[in-house]
Amino acid sequence: LVFGDGAATIVKLSTGDISGFAASSMNGIAIRDLNVTCTSTGTTAYVGGIRLYLCTNCTIDNVTMSGLSWAGVFLYKTNSTTVSNCQFSAWAASTIQNSGDIIVYSQSSNNKILYNTCLSGAYQGIMVQDPYDSSTPTGNLIHGNTVSGQMGYGIIIYVTTSYDTQTTVTDNDISGITGTALG
């Protein structure tokens, strides 16, 4: 368990090229009530304010993130994890391609993305994506989120095969998507 006293507990990252919190092959991690900020623009993808790899049954709740360059929360082959009540804003000016507030990647399954506010100005608000190798995310739920001001898509389910991801997207409020990052 990693927790703070809400927005008053600030974790400052000196560069956007590293993950603020990273875990691999863990079960039951909880991160809540923090403010993660970054003070220097990064150029590296596949890092995030919080990056979970091969983790299960985790909770990320009430975390505020700003100034990042690629991902706020990056779930990579992570299952049965809930990301809820988080706020994302003011991504770095040179945001990296395919950046997003919440990225559910590869074989990440049965995750819940609930009641987050995605206002970062990144490429995507919420992205569920396979890595071009048929490692498809399955059974994720995206519900009750507010997404606005993204440069590409509000919410995108991106797979490179005809596989049915069984992802459920319900009752989200999406507005102000500029599309300026699209070819």
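Select glycine 125 to begin; this residue is found in strand E13. A strand is a DSSP run of E with at least two residues, a helix is a run of H or I with at least four, and both are numbered from the N terminus. The model is predicted: local features need pLDDT of at least 70, side-chain atom pairs count only at pLDDT 80 or more, and totals for chains, interfaces and linings use all residues. Residues are numbered from 1 along each chain as its sequence is written, and side-chain values use heavy atoms, with hydrogens and water left out.

Is glycine 125 buried or exposed? Glycine 125 is buried, with a relative accessible area of 0%. Here buried means under 20% relative accessible area, exposed means over 50%, and partly exposed lies in between (1.4 Å probe, protein chains only).

**The strands beside E13**

Select residues 100-105, strand E10, together with residues 124-129, strand E13. The two run parallel and are joined by five bridges; strands count as paired if DSSP finds at least two bridges between them. Isoleucine 103 stands opposite methionine 127 in E13, and valine 104 has valine 128 of E13 as its bridge partner. Strand E10 is mostly covered, as six of its six residues are buried.

Next, select residues 71-76, strand E7, which pairs with E10 in the parallel sense over five bridges. Alanine 71 has glycine 100 in E10 as its bridge partner.

**The whole sheet**

Which strands make up the open sheet, and in what order? The order of its six strands is E3-E5-E7-E10-E13-E16, with parallel pairing. At the edges lie strand E3 (21-24) and strand E16 (153-158), each of which pairs on one side only. From one strand to the next, the twist averages 5°; such angles run from 0 to 180 degrees between the N-to-C directions of axes, which are lines fitted to C-alpha atoms, for helices over the stretch in contact.

**The pocket and the cavity**

Rolling a probe the size of a water molecule over the atoms shows where empty space is left. On a 1 Å grid over the protein atoms alone, a cavity is a set of points where a 1.4 Å probe fits but cannot get out, whereas a pocket is an open set with protein on both sides within 12 Å along at least five of seven lines; lining residues have an atom within 4 Å of a point. Points are joined across faces, edges and corners, and a volume is the space filled by probe spheres set on them.

The largest pocket holds about 180 Å³ of space. Select Asn98, Gln124, Tyr153, Ile156 and Tyr158, the closest to its centre of the 14 residues that line it. Strands E13 and E16 are the elements that give two or more residues to this lining.

For the largest cavity, with about 40 Å³ of space, select its lining: Gly16, Ile18, Val47, Gly48, Gly49, Leu68, Ser69, Trp70 and Ala71.

Finally, display the entire protein, which has zero helices and 18 strands. Its radius of gyration, taken over C-alpha atoms, is 15 Å, close to the 16 Å that the globule rule (2.2 Å times the number of residues to the power 0.38) gives for 183 residues, so the protein is as compact as a globular protein of that length. Of its 183 residues, 51% count as buried.
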